[in-house]
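User: I would like to go through this structure by asking what each label rests on. Please set the value against the cut-off each time and then conclude.

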Amino acid sequence: MPYTIYRWDDPGAPAPLNGQSNANTLINVLDACLVTGYGNKAPAGWSKPFTAANQAVFRQGAGSNGCYLHLDSSPLWQDKVRGYESMTAIDAGTNPFPTVAQRSDFIAARSSSSDASGHAWLVAADARRFFLWMNYHGSLAQGLASIMYQPAFFFGDLESPNSADVFNTLISGGISNATNTYLGYASHGATNADYMPRNFAGAVGSVAVMKTTHLPFQGTSYIGAMANAPAYPDPVTGGLLLSPIEVFDVSGVISRGVLPGIWAPGHNLPGNSGDVLTGVNGPLAGKRLMLLDVAAASSRARIALEIP
């Protein structure tokens with residue numbers, strides 16, 4: 001694909017994230033990565049059509065479904081987030097996902113405390129989607145390393161062979177001060193942190209969706225953190241077993257596509273967060289992959305992100 005990778009330690013990068021109210025740190029990070037660029041990093045090709053005090057709206061770029069993401073940075077620790085099919089003002093939009101009735105407390109976390117301590121961040125983005133990783137618990141010096149679960153956020157279009165599905169935009173976030181963040185969770189039913197603007201048939205109304213992998217031993221568990229998974233490294237290839245992460249409508253179990261460039265390791269917490277590995281077989285042969293921790297407060301999970 002690959003994504004452009006933006007990091008807190010790039011020359012000219014926006015400030016690290018912190019947990020203070022009205023800090024605007026996450027809005028500033030996304031503005032720089034998605035809209036304006038910084039240093040020698042070109043922007044991903046999004047726009048920012050609406051702003052207000054401690055709020056911003058970002059819109060997907062060329063080739064996308066054209067959905068909008070609203071952020072409110074006024075709460076401590078986190079930004080309140082919500083997707084919309086269309087918007088006409090900072091506080092006016094149609095077909096939100098999730099709806100307030102579904103989740104009034106949907107968030108992207110910045111910090112596990114309300115002080116000004118800085119936290120590392122990483123954004124992987126193109127014109128259609130972005131993935132955000134935050135070292136929610138660790139110190140700035142810790143960087144990408146992880147000793148605990150770390151929340152992550154995804155907004156954008158899935159990769160799907162069905163070009164007629166123009167509502168396959170996913171928002172995957174968290175609730176309640178990041179005590180539940182589900183990007184790293186595989187489910188056999190709808191989660192409370194994964195939503196799309198409409199179902200496969202295009203019926204108006206936000207739908208909760210489910211994610212799973214193609215690993216036979218995955219079950220309902222955290223991705224990349226399965227006690228019954230094969231040992232790492234894989235004894236056959238000497239490398240990392242990987243699976244796509246696929247998203248389904250719950251009703252009818254209809255595939256909406258896969259998370260582009262984000263893979264599920266077929267092992268139990270292989271390597272360490274921040275490790276960079278090289279694919280050894282299949283479509284990932286020769287590609288570089290970065291391991292990152294992503295999970296809820298109750299457990300750890302680990303994904304592999306394609307990087308240039």
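User: What makes the pairing of Lys211 with Asp194 a salt bridge?

Analyst: The closest N and O atoms of Lys211 and Asp194 are 2.8 Å apart, and the term asks for a side-chain nitrogen of Lys or Arg within 4 Å of a carboxyl oxygen of Asp or Glu, so the pair qualifies. Strands (E, at least two residues) and helices (H or I, at least four) are DSSP runs, numbered from the N terminus.

User: On what kind of model do these values rest, and how is it numbered?

Analyst: This is a predicted model, in which local features need pLDDT of at least 70 and side-chain atom pairs count only at pLDDT 80 or more, while totals for chains, interfaces and linings use all residues. Residues are numbered from 1 along each chain as its sequence is written, and side-chain values use heavy atoms, with hydrogens and water left out.

User: How do you know whether Lys211 is buried or exposed, and what about Asp194?

Analyst: Buried means under 20% relative accessible area, exposed means over 50%, and partly exposed covers what lies in between (1.4 Å probe, protein chains only). Lys211 has 0% relative accessibility and therefore counts as buried, and Asp194, with a relative accessible area of 0%, is likewise buried. Elsewhere, salt bridges with shared partners join Asp126, Arg128, Arg129, Asp157 and Glu159 into one network.

User: Why is the pair of Lys41 and Asp10 called a salt bridge, and which parts of the chain does the pair link?

Analyst: The closest N and O atoms of Lys41 and Asp10 are 2.8 Å apart, which is within the limit for a salt bridge. The pair links distant parts of the chain, 31 residues apart, with Lys41 in the loop between helix H1 (25-36) and strand S2 (47-52) and Asp10 in the loop between strand S1 (4-7) and H1. Asp10 has a relative accessible area of 16% and is therefore buried. The search of the whole structure finds 16 salt bridges.

User: What makes Asp31 and Lys48 a salt bridge, and to which class of accessibility does each belong?

Analyst: Asp31 and Lys48 have their closest N and O atoms 3.3 Å apart, so this pair also meets the definition. At 17% relative accessible area Asp31 is buried, whereas Lys48, at 29%, is partly exposed.

User: Why is H1 described as largely enclosed?

Analyst: Nine of the twelve residues of H1 are buried, so the helix is largely enclosed by the rest of the structure. Among the buried residues of H1 are Leu26, Ile27, Val29, Leu30 and Cys33.

User: How do you know whether Ser73 and Ala62 are buried or exposed?

Analyst: Ser73, in the loop between strand S4 (68-72) and strand S5 (78-89), has 0% relative accessibility and so counts as buried. Leaving aside neighbours within four places in sequence, Ser73 is in contact (heavy atoms within 4.5 Å) with residues including Asn22, Ile27, Asn54 and Arg110. Ala62, in the loop between strand S3 (55-59) and S4, has a relative accessible area of 67% and is therefore exposed. Not counting residues up to four places away in sequence, Ala62 touches Gly45, Ala127 and Arg128.

User: How many aromatic pairs does the search find, and why does the pair of Trp46 and Phe130 get its label?

Analyst: The search of the whole structure finds seven aromatic pairs. The rings of Trp46 and Phe130 have their centres 5.5 Å apart and their planes at 70°, so the pair is edge-to-face. Rings of Phe, Tyr and Trp (its six-membered ring) pair if their centres lie within 6.5 Å, and planes under 30 degrees apart count as stacked, over 60 as edge-to-face and the rest as tilted.

User: What label does the pair of Phe130 and Phe153 receive?

Analyst: Phe130 and Phe153 lie 5.9 Å centre to centre with 40° between the planes, so this aromatic pair is tilted. Phe130 is in strand S9 and Phe153 in strand S10 (residues 152-157), so the pair ties together parts that are 23 residues apart in sequence. Both Phe130 and Phe153 are buried. Together with Trp46, Phe97 and Phe155, these two residues form one aromatic cluster.
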